[in-house]
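Visitor: I should like to learn how to read the features of a protein model. Where should one begin?

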Amino acid sequence: MDIYDFKNALFIGFFMAFMIGPVFFMLIQTSILKGARAAIIFDLGVILGDISFILIAYYGSRSLLEKIKDDPRLFFIGGLVLIIYGLITYFDKQNKKEAIADAKTIEVPIVKNNYLKLFLKGYFLNFINIGVLAFWLGTVLVIGPTLNMNQNAIFSYFGVIILAYFITDLGKILLAKQLKNKMTPLLIFKIKRIMGIILIVCGVFLILKGFIPNEKINEFIH
């Protein structure tokens, strides 16, 4: 892998870190509400999901992957999971009670983090998004031939992408953490409700993407 490929991989990793989606918002929320360490653990789960997709895209057959990435049932399942998780986040009764009871409190309630749960949440929240598989599949199919299908070069290329993605996420986590001292229970409650709505919207969009042609979606957006 030459310096040109290295720079391209860095750029892709940096760009990925700012792709707007459920993972982006959950990472920011986790950093603000649970701290930098919790957010890093969550992000490591996300990265493991990306690595899983890269391996599937690389070792799987092209024809099989093309069928999988366009299977509406997978979009439906992934979207349904996002909607359910969004509803749970939106109707979090415990968080609502804290917001009502401590609306005038300036301290954020201390919550013991379950790091394994955070790691798995990051992994599955990323893994259920079939669009991520489509992205990695497309990247493998485009980049592979330019690197002469050399396995070491390909994995080095994607390793640089993941590293750039992770380093950029660290910057986002640290910036978001600076907002933690400004959090009140009432504001936390509002943030979680907004997060719930975002997840529901992403889930609905994912379901529609599975059943409505991309051309129709693009026409609706524009």
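Guide: One begins with the secondary structure. This protein contains eleven helices and zero strands, and the model is a predicted one.

Visitor: What share of the 222 residues is buried?

Guide: A residue counts as buried when its relative accessible area is under 20%. Buried residues account for 42% of the 222 residues here.

Visitor: How does one read contacts along the sequence?

Guide: One asks how far apart in sequence the joined residues are. Of the contacts between residues at least 6 apart in sequence, 88% join residues at least 24 apart.

Visitor: What span should helix α7 have?

Guide: The expected span is 1.5 Å times one less than the number of residues. Helix α7 covers residues 115-127, so its 13 residues should span 18 Å; the end C-alpha atoms are 18 Å apart, in agreement. At its N-terminal end, α7 is capped by Asn114, whose side-chain oxygen lies 3.3 Å from the backbone nitrogen of Leu116. Within α7, the buried residues include Leu118, Gly122 and Tyr123.

Visitor: Which helices each supply at least two residues of the nonpolar patch?

Guide: They are α5 (72-90) and α10 (185-211). The patch lies on the surface and has about 790 Å² of accessible area together; among its members are Phe76, Ile77, Ile88, Val204 and Phe211. Helix α5 gives the largest share, five residues.

Visitor: Is Ile88 buried or exposed?

Guide: The term exposed requires a relative accessible area over 50%. Ile88, which lies in helix α5, has a value of 55% and is therefore exposed.

Key:
Residues numbered from 1 in each chain as written. Predicted model: local features only at pLDDT ≥ 70, side-chain atom pairs only at ≥ 80, totals over all residues. Heavy atoms only, no water. Patch = residues over 30% accessible without salt bridge, like charges linked within 9 Å, V, L, I, M, F, W, Y side chains within 5 Å. Areas by Shrake-Rupley, 256 points an atom, 1.4 Å probe, with all protein chains shown as cover. Salt bridge = Lys/Arg side-chain N within 4 Å of Asp/Glu carboxyl O. Helix = DSSP H or I, 4+ residues; strand = E, 2+ residues; numbered from the N terminus. Buried < 20%, exposed > 50% of the residue type's maximum accessible area, 1.4 Å probe, protein only. Polar contact = N/O pair within 3.5 Å; in protein donor to acceptor, adjacent residues only side chain to side chain. Contact = heavy atoms within 4.5 Å.
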